[in-house]
Amino acid sequence: MSDDVIERYLRALVAGDWPTFADCLADDGFTRVGPYGDTYSTKAGYVAFLSELMPTLAGYEMEVARVTYASDRLAFAELSETVEVDGTPLRTPECLTFELADGRIRRVEVFTQSRAPVA
């Protein structure tokens, strides 16, 4: 297996530990596909994006429900992220899929549950 690389990745993301976060990612051939089809095709671009974005998210919290390693090449993380929108916490349930290679993350895809607006 990949020796808890997903757990380290998630902990580093929440902590803003960008060197550890970057170390979890493959140096070559890395891709991240976001919930809106937004794509980062390099490790450096993805780390720069998140290291700039995360400090701006008011009230950010992550709750990890489960990390599952299907094999040494495939893993899933079920989690929720919460941010404040107009002073109100907004919780988004998500599933992240990970393709692994040589103990590092080669590909991340983010899938979110959408909620109907409350009337």
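Which strand gives the most to the lining of the largest pocket? Keep that in mind as you move through this predicted model.

Stop 1

**Stop 2: β1 and β6.** Select residues 31-33, which form β1. Strands β1 and β6 run parallel, joined by three bridges. Zoom in on V33. Its bridge partner in β6 is E109.

**Stop 3: the largest pocket.** The space here is about 670 Å³. Select P35, E81, E94, V110 and T112. Of the 29 lining residues, these are the closest to the pocket's centre. Next, colour α1 (5-15), α3 (43-53), β4 (74-85), β5 (88-101) and β6 (104-112). Each supplies at least two residues of the lining. Strand β5 gives the most, with five residues, and that settles the opening question.

**Stop 4: S80.** Select S80, in strand β4. Is S80 buried or exposed? S80 counts as buried because its relative accessibility is 2%, and the cut-off for buried is under 20%. Show the side chains of S80 and R91. They make a polar contact of 3.3 Å. Leaving out residues up to four places away in sequence, S80 touches E61, M62, E63, R91, T92 and P93.

Note on methods: Residues are numbered from 1 along each chain as its sequence is written. This is a predicted model: local features need pLDDT of at least 70, side-chain atom pairs count only at pLDDT 80 or more; totals for chains, interfaces and linings use all residues. Side-chain values use heavy atoms; hydrogens and water are left out. On a 1 Å grid over the protein atoms alone, a cavity is a set of points where a 1.4 Å probe fits but cannot get out, and a pocket is an open set with protein on both sides within 12 Å along at least five of seven lines; lining residues have an atom within 4 Å of a point. Grid points are joined across faces, edges and corners, and a volume is the space filled by probe spheres set on the points. Helices (H or I, at least four residues) and strands (E, at least two) are DSSP runs, numbered from the N terminus. Buried means under 20% relative accessible area, exposed over 50%, partly exposed in between (1.4 Å probe, protein chains only). A polar contact is a pair of N or O atoms within 3.5 Å; within protein, one must be able to donate a hydrogen and the other to accept it, and residues adjacent in sequence count only if both atoms are side-chain atoms. Contact means heavy atoms within 4.5 Å. Two strands pair if DSSP finds at least two bridges between them.
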